[in-house]
Amino acid sequence: MKSVHNTKKLLCISTVALFLIAISLFALCACDINRDSNQQKLADSCIRIHIRANSNGSSDQSVKLAVRDKVTAHLENALSSCRSKQDAQKIIQRERANLVRIADNTLSAHGFSYKASIRIDNEFFPDRTYDGYEFPAGNYDAVVINLGSGNGDNWWCVAFPPLCFVPDTQDGEKIVYKSWIKEMLDKLFN
């Protein structure tokens, strides 16, 4: 009699354990589906920027940052009136030659003979958080600028909406603006 009671007890515990495991697996799958959905929504709404240095040498890495500063300053101005990804894509397409010229001029001013190339592509980016907004890993449309061979470490951010272009104050604090950009980001992330 005791063995039948123990068997029933073991069967009941096993059933509860399997039920809890099934619920946990379902919750994990639902999170992945929601994460994929959020990533796709962001990918459909933004354009990333990716600048690849010629090499990992300190001078190549340093000039990459100088190119970044010049290119992002130009894009900040060029994209300031954009209200959609489609608007931004048109302007970036129109500005391609200017972006290459800016990068080449910056390289030349720093004594480099290699040139820059640009393409607009769909690339994989890892997880990244910008000013509290999480961009899940996934494929995003991107402006890709290779400096020389483009084999060095890279820098990336979001060109539209312009998350890379929020200026810092002298003490390093971010200036926060109430703007359509923040409203758009809040809508995307909520």
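Which residues of S1 are buried on one side, and which on the other? In this predicted model, Ile47, Ile49 and Ile51 are buried on one side of the strand, while Arg48, His50 and Arg52 are buried on the other, so both faces of S1 are covered.

The protein chain holds 4 helices and 6 strands, and, read from the N terminus, its elements run α-β-α-α-β-β-β-β-β-α. Of the 190 residues, 37% are buried. Among contacts with a separation of 6 or more, 71% involve residues 24 or more positions apart.

Now for the sheet that S1 belongs to. Four strands make an open sheet with mixed pairing, in the order S2-S5-S1-S6. Strand S2 (116-125) and strand S6 (154-160) sit at the edges, each pairing on one side only. Ignoring direction, neighbouring strands are turned against each other by 30° on average. S1, which spans residues 47-52, runs parallel to S5 (residues 138-147), and 5 bridges join the two. On its S6 side, S1 has 6 bridges, and here the strands run antiparallel.

His50 is a handy one to pick out: its bridge partner in S5 is Val144, and its bridge partner in S6 is Trp156. Arg52 stands opposite Asn146 in S5, while Ile47 faces Phe160 in S6.

Although S6 is an edge strand, 6 of its 7 residues are buried, so S6 is largely enclosed by the rest of the structure. A cis peptide bond joins Phe160 to Pro161, with omega at about -10°. Pro161 itself lies in the loop that leads from S6 to helix H4 (180-189). Another backbone feature turns up just after H3, where Gly111 takes a positive phi of about 85°. For background, most peptide bonds are trans, and most residues other than glycine have a negative phi.

What packs on the sheet, and which strands does it touch? Helix H3 (residues 85-109) does the packing, touching S1, S2, S5 and S6; its direction makes about 130° with that of S2. H3 is not straight, either: there is a kink of about 55° centred on Glu95. Glu95 is also one of the buried residues of H3, a list that includes Lys85, Ala88, Ile91, Ile92, Leu99 and Asp104 as well.

H3 has a helix partner too. Two packed helices are described by the angle between their axes and the distance between those axes. For helix H2 (residues 58-78) and H3, the axes come within 10 Å and cross at roughly 150°. The crossing is right-handed. On the H2 side, the residues that meet H3 are Val63, Ala66, Val67, Lys70, Val71, His74, Leu75 and Ala78. Their counterparts in H3 are Ile91, Ile92, Glu95, Asn98, Leu99, Ile102, Ala103, Thr106 and Leu107. Sorted by class, this contact has 12 nonpolar, 3 polar and 2 charged residues.

Setting aside neighbours within four places in sequence, Ala103 is in contact with Val67, Ala116 and Leu147. Val67 is part of H2's contact with H3, Ala116 falls in the S2 stretch (116-125) and Leu147 in the S5 stretch (residues 138-147). The C-alpha atoms of Ala103 and Asp69 are 9.8 Å apart, although 34 residues separate the two in sequence.

With a relative accessibility of 46%, Ser108 counts as partly exposed. Its C-alpha atom is separated by 10.0 Å from that of Val63, a residue 45 positions away along the chain.

Methods
Residues are numbered from 1 along each chain as its sequence is written. This is a predicted model: local features need pLDDT of at least 70, side-chain atom pairs count only at pLDDT 80 or more; totals for chains, interfaces and linings use all residues. Side-chain values use heavy atoms; hydrogens and water are left out. Two strands pair if DSSP finds at least two bridges between them. Axes are lines fitted to C-alpha atoms, for helices over the stretch in contact, and angles run from 0 to 180 degrees between N-to-C directions. Contact means heavy atoms within 4.5 Å. A crossing is left-handed if the near helix is turned anticlockwise from the far one by less than a right angle, and right-handed if clockwise. Ala, Val, Leu, Ile, Met, Phe, Trp, Tyr, Cys and Pro count as nonpolar, Asp, Glu, Lys and Arg as charged, and the others, Gly among them, as polar. Buried means under 20% relative accessible area, exposed over 50%, partly exposed in between (1.4 Å probe, protein chains only). The bend at a residue is the angle between axes fitted to the seven residues ending there and the seven starting there.
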